[in-house]
Amino acid sequence: MTDRPRSGIAAVSTALLEMSRQLEVRDVLKTIVVSARELLDAEYAALGVPDDHGGFAQFVVDGVSDEQWRAIGPLPRQHGILAAMLHNEKPERLADVREDPRFEGWPDAHPDMSDFLGLPVRDGDETIAALFLANKRCPAPGGGCGFTAEDEQLLGILAQHAAIALTNARLYERSRELTIAEERSRLAHELHDAVSQKLFSLRLTAQAAARLVDRDPARAKGELQQIAALAAEAADELRAAVVELRPAALDEDGLAHTLRSHIQVLDRAHTARVTFDAGPVRALPAAQEEALLRVAQEALHNALRHSGADRVAVRLTRAGPGARLVISDDGTGFDPHAVRRAGRHLGLVSMRDRAGGVGGRLAVHSAPGEGTTIEMEVPGG
């Protein structure tokens with residue numbers, strides 16, 4: 001994509017082809033927004049995918065820098081014009097969005113917008129997203145000339161194809177998830193069979209050695225050597241299985257994208273609001289990325305199952321050559337020392353082991369009634 005506006009059938013064809021080439025949902029959303037903004041020569045474009053909690057599961061923008069976006073703050077809620085596009089089937093074309101009675105303002109860091117064009121992206125009878133543009137870039141006395149009926153028609157065509165591309169991407173991701181689940185199930189069965197056989201052999205050999213200790217120490221020694229060999233084989237098979245069971249999404253998508261996808265699923269599945277924010281994080285060695293993912297999963301499980309939290313926030317940021325992961329909730333909290341004395345661990349031991357195993361550290365901050373924050377930091381490669 002270039003910054004120079006294009007027009008005509010060739011431009012529409014290019015935008016549609018670009019959308020159809022993408023397989024990942026996030027990539028499709030970004031391509032839709034960039035294509036719409038370029039095609040209609042707008043200063044700003046955005047697309048929001050609604051969640052079931054009055055907010056947006058995903059919100060992609062174009063024309064706003066990363067610094068501006070961070071300054072704006074949390075994702076917008078479903079209100080005002082955004083809500084209208086999600087709940088009505090008709091487009092919204094306004095000469096000045098600020099004068100519309102449904103306009104409810106925006107954060108201080110939000111760029112100023114005037115002329116506005118938005119419409120729902122629909123898959124059959126379901127609205128799966130809201131797409132909008134602001135500030136048509138064209139010379140006119142007294143400011144922008146605004147969006148036209150032709151712009152509205154063009155955006156409608158783009159939205160129809162966007163719905164197809166987005167639905168296809170979701171089907172692709174779901175298919176990949178099922179394939180991964182099936183492969184993990186296969187590996188689990190193979191692991192179970194292999195380890196069961198080794199353990200059975202170990203048990204029989206140990207029993208034989210026990211019977212031979214007194215009457216034939218030499219043979220007993222041979223049986224003990226066989227036990228050591230079987231145990232080594234079992235350990236090798238376990239290590240190989242663990243390597244093969246490394247989350248496939250990490251290899252394909254990287255840590256930030258894998259965490260984002262996992263958290264979006266949790267946000268839809270639980271009543272608590274689960275959010276994810278990631279800064280620019282460089283790729284880490286495989287062991288560090290897997291440790292961060294596993295700790296995040298364990299901490300999220302605790303927060304959503306045991307804390308009674310209404311909000312859980314996950315943040316991944318760069319820490320020198322490594323990374324820092326912070327999971328915070330507003331739940332009931334607990335006394336970490338009391339938990340340790342009572343022999344309950346809430347997965348904290350395994351989380352610390354994972355952090356320590358990759359040269360990192362893990363800190364737990366919590367108190368009754370004050371929520372919980374788990375912070376993990378790992379070095380880079």
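In the predicted model, A231 is located in helix α6, which spans residues 217–244. A231 and L202 are 29 residues apart along the chain, and their C-alpha atoms are separated by 7.4 Å.

Strand β4 (residues 116–123) pairs with two other strands. With strand β3, formed by residues 92–94, the pairing is antiparallel and comprises 3 bridges. Within this pairing, R93 is placed opposite L117 of β4. Strand β5 (residues 126–136) is also antiparallel to β4, here over 8 bridges. L117 has L133 as its bridge partner in β5. The hairpin of β4 and β5 has 2 residues between the strands, and G124 in this hairpin adopts a positive phi near 70 degrees. Of the 8 residues of β4, 6 are buried, so the strand is largely enclosed by the rest of the structure.

The aromatic pairs number 4. In one of them, F56 and F59 are arranged edge-to-face, with a centre-to-centre distance of 5.2 Å and an angle of 70 degrees between the planes. F56 and F59 are both buried. In the pair formed by F116 and F132, the ring centres are 5.4 Å apart and the planes meet at 25 degrees; the pair is therefore stacked, as the angle falls under 30 degrees. This pair links distant parts of the chain, with F116 in β4 and F132 in β5, 16 residues apart. F116 and F132 are likewise buried. Together with W69, the residues F56, F59, F116 and F132 make up one aromatic cluster.

A further element is an open sheet of 5 strands, in which the strand order is β6-β7-β8-β10-β9 and the pairing is mixed. Its edges are formed by β6 (273–278) and β9 (361–366), each of which pairs on one side only. On average, and with direction ignored, neighbouring strands of the sheet are turned by 10 degrees against each other. Within the sheet, β8 (residues 322–329) and β10 (residues 372–378) run antiparallel and are joined by 7 bridges. D329 is bridged to T372 of β10.

Two helices lie across strands of this sheet. Helix α9, comprising residues 286–306, lies across β6, β7 (311–319), β8, β9 and β10, and runs at about 5 degrees to β8. The 21 residues of α9 reach 30 Å from the first C-alpha to the last, close to the 30 Å expected at 1.5 Å a residue. Following α9 is G308, which has a positive phi near 70 degrees. Helix α11, comprising residues 348–357, lies across β9 and β10 and runs at about 145 degrees to β9.

Note on methods:
Residues numbered from 1 in each chain as written. Predicted model: local features only at pLDDT ≥ 70, side-chain atom pairs only at ≥ 80, totals over all residues. Heavy atoms only, no water. Pairing = 2+ DSSP bridges. Helix = DSSP H or I, 4+ residues; strand = E, 2+ residues; numbered from the N terminus. Axes fitted to C-alpha atoms, helices over the stretch in contact; angles between N-to-C directions. Contact = heavy atoms within 4.5 Å. Phe/Tyr/Trp six-rings, centres within 6.5 Å; stacked < 30°, edge-to-face > 60°. Buried < 20%, exposed > 50% of the residue type's maximum accessible area, 1.4 Å probe, protein only. Expected span 1.5 Å × (residues − 1).
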